[in-house]
Amino acid sequence: MQQEKLMASRVYTFDLGDDFKPLDETVDEKDFYSGKYLSKRYISKEVLEKAFQGMKLMRVEHVFAKITPPEFQAPQYSNYVVFGIIVTKSETKNTSDNRSKFLKIQLSNFKQQVTVTILGTAFDKYWKLRVGDVVAILNPSVYVYQTEKGKGFTLSLKNSEGFILEIGRSKHFGKCKSIKKDGSVCDTPVDTSKTEYCDYHVEMHVNKTASKRLELSGSFRMFSPTEDGTKQAMYMNKKGSVSGGGGGQLVTDDFAPKYDRKAEMGRLYFSNPDASRAFFDKDYSNPNIMQERKIRKEKTDRIAKERKLREKLINLTNSTVLKNNEYVESQELKETKQKITNVAFGAKIMNKIGFDPTRRMFEKPNNDEGTIKSIALINELKKESLKKEMNLKASVEETLEKKRKWATNEKNLKLYRQGDSITKKSKPKLKPKPKMVELSSSDDDDSE
Ligand SMILES: [Zn+2]
């Protein structure tokens with residue numbers, strides 16, 4: 001019913017006007033209908049506009065968007081026009097029943113190709129079509145075919161039910177310059193304003209480079225199917241159609257690296273051959289993992305080493321700051337030094353003094369005179385001890401001078417002790433025993 005309604009208003013020819021004459025005009029302009037640039041125009045824009053009035057205009061991409069699986073139903077329009085560039089033209093052949101000749105052309109938008117079979121009276125009329133021309137085809141039929149690999153469709157034009165209009169010459173039509181494995185030129189149509197190579201060969205080159213890189217890193221490519229270790233690739237048309245240009249068929253990817261078939265077998269159930277090997281062979285160790293472990297260990301070692309070095313540096317920095325640019329010293333030496341500096345008098349000095357004078361400082365004095373005396377003495381001794389520490393290398397004169405001083409000191413001490421024993425009657429005599437007194441730590445003082 002609907003089909004009948006559509007067919008009722010169907011036309012079988014373009015109305016170009018009574019006085020139509022084809023042009024041969026050199027141009028450099030974009031064709032409104034095909035969206036492609038022309039170098040020559042055969043029909044003026046005005047004539048075209050009139051001819052296409054009330055018709056559904058479709059470029060190649062629209063054809064694939066409209067005629068879709070599984071039905072591949074013809075566009076439901078009374079009149080529709082398909083625009084494209086003729087990119088291939090087959091040899092003339094005889095139909096199987098030998099009653100007619102036919103040829104096939106491919107209409108392209110530089111990305112997709114749709115095959116148009118021209119036969120019957122249409123062949124007689126249009127067999128002279130030229131590759132590279134932009135054409136408009138009126139109401140082509142949709143021919144659905146079924147092969148082992150699936151369903152597809154071609155357009156066809158037979159007898160007088162269609163019409164082809166040659167609009168002009170494509171400016172940017174060219175062929176891919178890649179040489180195929182068999183030595184022939186690729187021949188895939190390309191838009192020379194954008195590229196000299198077809199998408200397939202551009203992608204092939206990218207894949208080749210990418211797979212090389214992946215091989216180096218020991219990984220496998222995505223789950224692409226393989227056959228006897230040979231990679232397969234699928235090239236599909238928009239909308240998943242399998243028509244034209246060998247789209248949708250698995251073809252051998254000659255550029256892909258070949259893999260060991262046995263290893264590939266495991267990929268049916270495992271993410272990669274290593275995983276399957278590891279599953280079946282408990283002694284198997286993935287070389288990639290071993291390598292990773294090695295790298296990880298090296299990294300850990302490196303970090304530990306660095307940490308040690310940093311600790312050393314921190315110690316060095318601290319000691320330098322705290323010790324006011326003194327030489328770097330060990331912790332042991334540092335502690336010993338600390339102890340010594342906390343003691344007012346060195347052991348050697350106290351040996352000579354015969355007792356620990358600082359002790360008196362912390363004792364409650366019974367006698368003011370004695371206290372003053374002892375403080376004065378302590379100060380004197382302290383000065384002396386400081387002087388001694390500073391002059392590590394004493395001259396002979398200095399040594400003699402010191403000996404004299406010590407002698408005086410001892411004499412003074414004797415006198416002082418005598419006085420002391422008088423003022424403190426009950427106090428027992430202190431034994432001349434050297435004693436280390438820590439000025440800073442108070443807990444030791446209590447136990448004394
Ligand atoms: Zn190519």
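**Exercise 1. Find the bridge partner of Arg59 in S4, then work out how S4 pairs with other strands.**

Solution. 

Step 1. Go to Arg59 and look across to S4: the bridge partner there is Phe83. Strands, by the way, are DSSP runs of E with at least two residues, helices are runs of H or I with at least four, and both are numbered from the N terminus. What you're looking at is a predicted model, where local features need pLDDT of at least 70, side-chain atom pairs count only at pLDDT 80 or more, and totals for chains, interfaces and linings use all residues. Residues are numbered from 1 along each chain as its sequence is written, and side-chain values use heavy atoms, with hydrogens and water left out.

Step 2. Now check the direction. Strand S3 (residues 56-59) runs parallel to S4, with four bridges between them; two strands pair if DSSP finds at least two bridges.

Step 3. Is S4 mostly covered or mostly open? Mostly covered: eight of the 10 residues in S4 (residues 80-89) are buried, where buried means under 20% relative accessible area, exposed over 50%, and partly exposed in between (1.4 Å probe, protein chains only).

**Exercise 2. Describe the site of the zinc ion.**

Solution. 

Step 1. List the donors, meaning N, O and S atoms within 2.8 Å of the metal (3.2 Å for Na, K and Ca); water is not among the atoms, so sites may look incomplete.

Step 2. What is the geometry of the site? The angles among the four donor atoms are 105 to 116°, and the site is tetrahedral. For reference, the ideal angle for four tetrahedral donors is 109.5 degrees.

Step 3. Check the cover: Cys176 and His201 are both buried.

**Exercise 3. Track down some salt bridges and say how exposed their residues are.**

Solution. 

Step 1. Start with the total: the whole structure holds 12 salt bridges, each being a side-chain nitrogen of Lys or Arg within 4 Å of a carboxyl oxygen of Asp or Glu.

Step 2. Take Lys45 and Glu29, whose side chains form a salt bridge at 3.8 Å, N to O. Lys45 is in helix H2 (residues 45-51) and Glu29 in strand S1 (residues 25-30), 16 residues apart. Lys45 is partly exposed, because its relative accessibility is 45%.

Step 3. Move to Glu196 and Lys177, with their closest N and O atoms 2.8 Å apart.

Step 4. Now compare the two ends of the salt bridge between Asp191 and Lys194, at 3.8 Å. Asp191 is buried, because its relative accessibility is 11%; Lys194 is exposed, because its value is 67%.

Step 5. Finish with a network of salt bridges that links Arg130, Asp133, Glu166 and Arg169.

**Exercise 4. Where is Thr117, and what does it contact?**

Solution. 

Step 1. Thr117 lies in strand S7 (residues 113-119).

Step 2. Thr117 counts as buried because its relative accessible area is 12%.

Step 3. Setting aside neighbours within four places in sequence, the contacts of Thr117 (heavy atoms within 4.5 Å) are Phe102, Leu103, Lys104, Thr154, Leu155, Ser156 and Leu157.

How values were computed. Tetrahedral: all angles 85-135°; square planar, octahedral: opposite > 155°, others 65-115°.
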